[in-house]
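This report describes selected contacts and backbone features of the structure shown below.

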Amino acid sequence: MHDGIKEQNGHRLASLALVPRAAGLATKDFKSDQEVRWCPGCGDYAILAAFQAFLPGLEVPRENVVVVSGIGCSSRLPYYVNTYGMHSIHGRAPAIATGLATSRPDLSVWVITGDGDALSIGGNHLIHALRRNVNIKILLFNNRIYGLTKGQYSPTSEQGKVTKSTPFGSLDHPFNPVSLALGAEASFVARSVDSDRKHLTSVLRAAADHQGAAFIEVFQNCPIFNDDAFAPVKDSAGSGQLIRLEHGAPVRFGPGGETGLRFGPFGALEPVPVAEATPGSLITHDTSLADPSYAFALSRLDSADFARTPIGVFRSVDRPSYDSLMAAQIDDARARGGDGDLAALLAGGDTWEVS
Amino acid sequence: MTKQVQKLDHVIIRFAGDSGDGMQLAGDRFTQETAVFGNDLSTLPNFPAEIRAPAGTLPGVSSFQLHFADHDILTPGDAPDVLVAMNPAALKANLKDLPRGADLIVNTDEFTKRNLAKVGYDISPLEDGSLERYNLHAVPITSLTVKALEDFDITRKDAERAKNMFALGMLSWLYGRPAESTRNFLQAKFARKPEIMKANLAAFGAGWNFGETTEAFSVRYEVRPASLAPGTYRNITGNTALAYGLIAASRLAGLPLFLGSYPITPASDVLHELAKHKRFGVRTFQAEDEIASVGAALGAAFGGSLSVTTTSGPGMALKAETVGLAVSVELPLIVCDIQRAGPSTGMPTKTEQADLLMALFGRNGESPVPVIAAASPSDCFHAAIEAARIAVTYRTPVVLLSDGYLANGSEPWRIPDIASLPDLSSAFSFAPSLGEAAGGEAAANGDGEFQPFRRDPATLARPWAVPGTPGLEHRIGGIEKADGSGTISYDPDNHDRMVRLRQAKIDGIAAGIGPLEVDDPDGDARVLVLGWGSTFGSIGAAVRRVRNAGHSVAQAHLRHLNPFPSNLGEVLHRYDKVLVPEINLGQLALLLRGRFLVDVISYNQVRGLPFRAAELAEVIEDVIGHA
């Protein structure tokens, strides 16, 4: 059954070329009968709603969508989506999804994870899934705190964070998830915000359209243990602190969109008032650059006060996906030598007859 | 010069040298020649974990022992009849195992003052008379090799490296081995380096001719082919047999094979072997770590692959949590533990059977897992198929135990007829989409909703509902599930029921395996020797000795360690004494005492080596004497 689905089916998304097509699905089709059990006001609700509403547009049958998660608040999400799903173990979802996606090119495989799950206990699997470019889509819900274990600092918590496990303030320097993913040379890296449904949906769509591993960091509010951690970027209209990245468009931000970006002497990006900039010196956003340095420089604009926070697609480049390369090796071997012959295999090498 | 030919019924040869001397290769080639000649054989490679330990030192010694005979044999032998020592370290490390009167072939070129000093010889043992008790053949192997190759356009270093082929040629002549397979091997191996190929062929030929012409050897030996059962044979190591067994299982089940693995001694060769066979649709995934390798395998199992992960003890420890998840989500998964000496890193290249209790119990919670063990190198093939049968039939992870001795050791294997192998495709079926077939309705509740944890009444297996099947969308996970529906459940009675159901499913596997067979030819034995895993050969050889000495003793060997065969308790109670030899401190013995209240006698060694049959025979006779 599954080993045979090889034909191109005219799907418009490259990453779903081998996935069957189904039209006419609605958001309700992706809601399971399980009661959602996150805390009232949790950002996870908004992300779940956006995810469920976005899935019908993929035109993939429910049975060909698989959502794999690790452990943590966000990792409960698969229970609420009426597709195939696995709520696995802490940190290991990218590894499990790798085995699934590599052996089943006819599936659309999504990984739901959090900052503790993906960046602490599962950091190794995350970077290796990204460098291999396995055809999986990873949504990292970053709330900068451990929620399910009731409020310890996480690998994305700001240094000095006072929590139950760090009453005198945390000592760790945090990860920047986007920088980390770019350092692993992920072929698709994006960021969005739980409260901006429209933006989140557009990023999900771009990720689904990407052939290979896609990494999306979603700023997600935890109202119980780390409320308003992303408050500065919540009101995107007013503060002007968000830098909305659009491929092919000049990067503009700040009040009235009067600030742009240019490269400084050591490759860092620096803000400059558009009016003062030398013509041609300002950056126009390009997600397709093979070298991740520019995207990395964008990710380094982040600061603790969210003064300049880029969201959107940082990087989206074409690179053969791991699963397609593995399938090609098998196809090549069979094209050259034919399908394996078990009797010939067992009788290979030096043999002798006893009569 | 015509030489006297002496007939022998068996010979044990040990090649020993520095780890860079190519002793494993020489041993492998001699084994292959011997296999093709038609002797029965058994091998024991023994090498350091370091790739190139300091040259000329005792820790750097690498050896390869081969036992071959004109009759069927069970072990690589206790003590060598012939020792080839390529340097003083090899001599010193192996001399203690050499019985008086044995042949000792020494490469005299390496017995320099410096090399002697490295291993603490003040005076060369070649000169102090200490080797008089052996039949010493002093051969300047290095210089003879270099001289034979002086016309070749190769460096002196390359010429010296061919000395293993000179030694192999010499031994091949001495025991009348067919040389053709080695010549073919060298031609294939060095096809891209013709000068090196010619040099190695010349060194091999020079060694052969030296044996024929020199007076160092006055006798040539003959070991007639063994009368084995008719069929086509090949020589095979445990790891190769295991890889072939997995490929065969994939074909027999009609499932694509997925291997998730991380390099670890002595399991890596299974990964290497499977990686070659892409024509069989095998997907091999070298993961970033042990945890990812088993995780990927479990993911592929969810997707409907025959999934395997291979490792050794330290890797087993890391995989434990994922194996626990596989127990909870009830998906088929084969976990191969090629055991090595522990704890921790232990001795990576040395064998041990000390992971049995970890395989059974090394997870949190009540987490029953079937455990089976291979008994010999070629048996790894059949053990792999049995592991696959249990995994797909019962939708459970299965631990398959092999060990370093089986992994690297080899023996002749009668190649099975494919038609004789079990049909695994009838052992399972993917759940059909709801409404598609009667079976689909059976898996649904009254509302037509799929019940991913509704069990088959015979096997207690849950449906294997793979993604892509319409109507069976469901979520699984490590949280406790409600019986039937599989939704999250914290209900106390449900948990109690699910724990017992999972246990009952594993216990029920016993119904599908045959009774434990006891070998008791005299029928009056009062002592049973019970083993498991790679001790099969040593125990069998020891039991033969004891019987040849006129005693009655019964032997039985366990393939299934969990669950045990259903008649095991009855078998144990049938004998006055039960002796359980293990290469651990009594792990099976602990299980037997706990399960059956039988006061078994535990005999244990943990030397990183298989039991010596002679020692074991003494232990058995001692037990018989007190029975």
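## Interface between the chains

Across the interface of chain B and chain A, the rule finds four salt bridges, a salt bridge being a side-chain nitrogen of Lys or Arg within 4 Å of a carboxyl oxygen of Asp or Glu. One salt bridge joins the side chains of B:Arg29 and A:Asp350, at 3.9 Å from N to O. The model is predicted: local features need pLDDT of at least 70, side-chain atom pairs count only at pLDDT 80 or more, and totals for chains, interfaces and linings use all residues. Residues are numbered from 1 along each chain as its sequence is written, chains are lettered from A and ligands numbered from 1 in the order in which they are written, and side-chain values use heavy atoms, with hydrogens and water left out.

Chain B contributes 72 residues to the contact and chain A contributes 61, where contact means heavy atoms within 4.5 Å. About 5,700 Å² is buried between the two chains, and carbon and sulfur atoms give 62% of this area. Buried area is the accessible area (1.4 Å probe) that two parts lose on being put together, summed over both. Of the area that chain B buries against chain A, B:Arg279, B:Arg283 and B:Arg475 supply 15%, more than any other three residues.

## A helix pair across the interface

Angles under 35 degrees count as roughly parallel, over 145 as roughly antiparallel, 65 to 115 as roughly perpendicular and the rest as oblique. Helices (H or I, at least four residues) and strands (E, at least two) are DSSP runs, numbered from the N terminus. Axes are lines fitted to C-alpha atoms, for helices over the stretch in contact, and angles run from 0 to 180 degrees between N-to-C directions.

From α2(A), the residues A:Ala95, A:Ile96, A:Gly99, A:Leu100 and A:Ser103 meet B:Ala292, B:Gly295, B:Ala296, B:Gly299, B:Ala300 and B:Phe302 of α11(B). The residues of this contact divide into seven nonpolar, four polar and no charged. Ala, Val, Leu, Ile, Met, Phe, Trp, Tyr, Cys and Pro count as nonpolar, Asp, Glu, Lys and Arg as charged, and the others, Gly among them, as polar.

## Helix α9 of chain B and its partners

Helix α9 (residues 238-253) of chain B packs with helix α10 (residues 268-275) of chain B at an angle of about 50°, with the axes 8 Å apart. The two helices are therefore oblique to each other. Among the residues making the contact are B:Leu242 and B:Ile247 of α9(B) and B:Val270 and B:Leu274 of α10(B). The contact residues comprise seven nonpolar, two polar and two charged.

α9(B) also packs with helix α14 (residues 379-394) of chain B, at about 40° and with the axes 7 Å apart. The residues that meet include B:Leu242 and B:Leu252 in α9(B) and B:Phe381 and B:Ile385 in α14(B). Here the division is twelve nonpolar, two polar and no charged.

## Backbone features

Most residues other than glycine have a negative phi, and most peptide bonds are trans. The bond from B:Thr265 to B:Pro266 is cis, with omega near 0°, and B:Pro266 lies in the loop between β10 (257-261) and α10 of chain B. Another cis peptide bond joins B:Gly342 and B:Pro343; B:Pro343 lies in the loop between β13 (333-339) and α13 (356-361) of chain B.

A:Lys150 is not a glycine, yet has a positive phi of about 75°. A:Lys150 is located in the loop between β5 (145-146) and β6 (152-153) of chain A.
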